Amino acid sequence: LVVCCSALSTKQQRRFPDDFLIGTATASYQIEGAWNEDGKGENIWDYLTHNNPAAVKDGSTGDIAANSYHNVERDVEMMRELGLDVYRFSLSWSRILPSGFANEINEAGVDYYNRLINEMLKYGITPMITLFHWDLPQKLQELGGFANPLASIWFEDYARVVYTNFGDRVKHWITINEPREICYEGYGSVHKAPILNATAIGTYLCAKNVLIAHAKAYHLYNNEFKDKQGGQCGITISANSFRPFTDSEEDHAATELRRQAEFGLYAEPIFSEEGGFPKELVEIVAEKSAKEGYPWSRIPEFTDEERELVRGASDFFGVNHYTGFLVSANEQISDRPTIPILPDITVGNYIPPEWPQSASYWLTLSPDSIYDTLTYLQKRYNDPIFYITENGWSSPPTNGLLDDDRIRYYRAALESVLDCLDAGIRLKGYMAWSLMDNFEWLEGYTERFGLYEVDFSDPARPRTPRKSAFVYKEILRSRVIDH
Ligand code: BGP
């Protein structure tokens, strides 16, 4: 008992450094609404939700979402209530460039983001902007979206418009949110827009093109804007914790394979010393492709020039982290569903029953999962600078304002963040997902991630702080995790 309590009291005194940025995150399609107002063009989520309502659990859309397009002042007021250091939000590409192409700029869209940024800066809240969080202009999708190699040029053009319009005030840029979810869930399976299900080719084609798009936008910033604007630019990749189910060699190997399939495919080309896709995956896919009768491997090669363009192209590693899994070489280890991984890789997935379960089937409170993930990434990728750009907990809509489960999750997560700082990991910030309830992609409004509850039955979408908002505010104020 003595050991436990003295350990606890030392932990309680650990502080977040003053320059460590604590904040929240959101994404344009999930909160803005105003889907066809003031000149905004259609995007792939507008298209999916309007044409294939069965794709979303409750048949809902983001047409109004949390109505943030009409709530700039209230949104910033919430940030002030919480005392946020940083707020991460994304830009809707088709609100700024209705067709996706940079020949025509929608000034009303630019104005909306200017109002938001200026209102935040008035109160000293640092904006961190994601250029692309999944809502691709529909016109570009009709030309193949990220299966078309030209997508990297369209993205670079868009990035130029963004840096030119907002870069005088915005110093933290994230090019792309979660390539895995874009590519595997959008192009390689039927989970997210554009739900192409383009067999096992779509994922890899998209992966290559997304990485090149990111790299072009990164170099554009470095070459043409950084000197004058002085900001930093990186990418966000989803990385959950994968630990072996047993200490057997087979389970260790399966775990490593799963890491490569989930995040290595996207992280390795940027953050590893050699660049390019993970070797083991390349071999597996090449072998399978040959067996399936393809005259070439389904995973495309980078040319030397492309490999060099992508390698090292990020000032930091943005990590979206939610949960953890135990991995086994035995595929039958559990029939519990998991988030889907690459079609070429199947490994066993296990979630211990004692890990508290959220409203999302894939999301549990997995102990020390942030520390586990960042120590792995630090070692593998030579000690990059990190931001945790998303981390959060879902509850059913009926839970209301008393969200002790979310509070328990955030306290555990932030302890794990402090463990990372103690271990010397160069982690510079943490953003909770999410500031407010929103349209949760294929779950619609059936799951809630917000520190603020949004009343979706009221057209104005009023926001009310949950208990977790008060706890988060106190942590931000004191720089200490209260218990
Ligand atoms: C991340 C996305 C977020 C957010 C979150 C919650 O992958 O970047 O946009 O939605 O997941 O997951 P979901 O909405 O799929 O339940």
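The model is predicted: local features need pLDDT of at least 70, side-chain atom pairs count only at pLDDT 80 or more, and totals for chains, interfaces and linings use all residues. Residues are numbered from 1 along each chain as its sequence is written.

Along the principal axes, the C-alpha atoms of the protein chain fill a box of roughly 60 × 60 × 45 Å. Buried residues account for 51% of the 483 residues. A residue is buried if 20 or more other C-beta atoms, placed from the backbone, lie within 10 Å of its own. Of the contacts between residues at least 6 apart in sequence, 76% join residues at least 24 apart. Contact requires C-beta atoms, placed from the backbone, within 7 Å.

The protein chain has 16 helices and 13 strands. These are DSSP runs numbered from the N terminus, with helices (H or I) of at least four residues and strands (E) of at least two. A closed barrel of 8 strands runs β1-β2-β3-β4-β5-β7-β10-β11, with parallel pairing. Neighbouring strands of this sheet are turned by 25° against each other on average, direction ignored. Strands β1 (residues 21-25) and β11 (residues 427-433) pair in the parallel sense over 5 bridges. Pairing requires at least two DSSP bridges. Leucine 21 has glycine 429 of β11 as its bridge partner.

Helices pack on this sheet. Helix α11 (residues 249-271) touches β5 (232-238) and β7 (317-320), and its direction makes about 155° with that of β5. Helix α15 touches β10 (386-390) and β11; its direction makes about 170° with that of β11. Angles run from 0 to 180 degrees between N-to-C directions, and axes are lines fitted to C-alpha atoms, for helices over the stretch in contact.

Helix α14 (residues 369-380) packs against α15 (residues 404-422) at about 35°, with axes 7 Å apart. Ser369, Ile370, Tyr371 and Leu374 of α14 meet Ala413, Ser416, Val417, Asp419 and Cys420 of α15. This contact comprises 6 nonpolar, 2 polar and 1 charged residues. Ala, Val, Leu, Ile, Met, Phe, Trp, Tyr, Cys and Pro count as nonpolar, Asp, Glu, Lys and Arg as charged, and the others, Gly among them, as polar.

The ligand is surrounded by 14 residues, the closest being Ala27, Ser360, Glu440, Trp441 and Glu443. The shell divides into 3 nonpolar, 5 polar and 6 charged residues.

Definitions and conventions: Near = placed C-beta within 6 Å. Contact = placed C-beta atoms within 7 Å. Buried ≥ 20, exposed ≤ 12 C-beta atoms within 10 Å, placed from the backbone.
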